[in-house]
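Student: Please put the model on screen. I would like to go through its ligand site and a few single residues.

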Amino acid sequence: MTRDEARSRIIFALDVETIAEARHWVSVLTGRVGMFKIGKQLFTAHGPEIVRMVENYGGEVFLDLKYHDIPNTVAMASREAARLGVKLFNLHALGGYEMMAGTVEMLDREFTGMKRPKVLAVTILTSSTEATLREVGIDLPVQEMVVRLAKLAKKAGIDGVVASPLEVPLIREACGNDFLIVTPGVRPASSSTDDQKRVMTPGEAVAAGSDYLVIGRPIAAAPDPLRACETIIDEIMGVQQESVAKRYS
Ligand code: C5P
């Protein structure tokens, strides 16, 4: 894998409060990472302006708003995300087949003959346990639900899932190579685990079959963020996996 390929797999999580802080990270890291993740906090506070700011620097955006609503509402919100020019966005697979398939159909209609954004499904949030699922009337084990929802998302035409690194092998097995897997919860061996409980190193996650790694604090809180970023890239480049290279090309 080339250095640029490894770099393009890193999605930096813009987990900050203000546009000024976000701009700082985007100006420092554009060209050094593949994408910037904008989540609910930043988007609720600053709206589309924050997406445009990243795009103005030449950066690409993963809009992490995890849509979950009636099919028409999710399709229309997704259309707006696509119009903002984001490269990736996501929805909750628990919204069901019709919601997911309707969104993909809308994007394919709207972007006929053009490159459309890719859509990811969140299966079961990694903060959920078996007890959380039971509270809402789901009696299946978490891993069974994750696989079930990943397969449903694939059937609906969704491009991939967001998943814990530990779920990657199961999802790869169930959904095949033609399905993106994006994983947060990645920690270089030398870095603090913060509040992440089930972690893998970047190299392990890519070797397990992750396509993109969402990384925040291991870069943002490092004494030398650029160096931390390059060290992570070194680690990803060290991974030899034929199927990964093929899937990504
Ligand atoms: O700082 P850190 O690398 O832990 O940031 C990870 C990012 O991925 C955060 O934006 C966090 O909200 C997000 N995320 C996560 N675990 C999930 C889903 C998303 O850490 N299961």
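The questions below move from the ligand to single residues.

Tutor: This is a predicted model, where local features need pLDDT of at least 70, side-chain atom pairs count only at pLDDT 80 or more, and totals for chains, interfaces and linings use all residues. Residues are numbered from 1 along each chain as its sequence is written, and side-chain values use heavy atoms, with hydrogens and water left out.

Student: Where does the ligand sit?

Tutor: A pocket here is found on a 1 Å grid over the protein atoms alone, as an open set of points with protein on both sides within 12 Å along at least five of seven lines. A molecule sits in a pocket if more than half of its atoms lie within 2 Å of its grid points. By that test, the ligand sits in the largest pocket.

Student: How far is a polar side-chain atom of threonine 126 from a nitrogen atom of the ligand?

Tutor: A polar contact is a pair of N or O atoms within 3.5 Å; within protein, one must be able to donate a hydrogen and the other to accept it, and residues adjacent in sequence count only if both atoms are side-chain atoms. Aspartate 15 places a side-chain N or O atom 2.7 Å from a ligand oxygen. Arginine 187 also has a side-chain N or O atom 2.7 Å from an oxygen atom of the ligand. For threonine 126 and the ligand nitrogen, the distance is 2.3 Å.

Student: What share of the ligand's area does the protein bury?

Tutor: Areas come from the Shrake-Rupley method with a 1.4 Å probe; for residues, only the protein chains shown count as cover. Taken alone, the ligand exposes 460 Å². The share buried by the protein is 79%.

Student: Is arginine 116 buried or exposed?

Tutor: Arginine 116 lies in the loop between helix 6 (97–110) and strand 5 (118–122). Its side chain makes polar contacts with aspartate 108 at 2.8 Å and with aspartate 159 at 3.0 Å. Buried means under 20% relative accessible area, exposed over 50%, partly exposed in between (1.4 Å probe, protein chains only). At 17%, arginine 116 is buried.

Student: What is the phi of lysine 66?

Tutor: Lysine 66 belongs to strand 3 (residues 61–67). Its relative accessibility is 23%, so lysine 66 is partly exposed. Phi is positive in this residue other than glycine, near 45°.

Student: Where is aspartate 194 found?

Tutor: Aspartate 194 is not a glycine, yet has a positive phi of about 50°. With 37% relative accessibility, aspartate 194 counts as partly exposed. Its place is the loop between strand 7 (180–183) and helix 10 (202–208).

Technical notes. 1 Å grid on protein atoms, 1.4 Å probe; cavity = no way out; pocket = protein on both sides within 12 Å on 5 of 7 lines; lining within 4 Å. Helix = DSSP H or I, 4+ residues; strand = E, 2+ residues; numbered from the N terminus.
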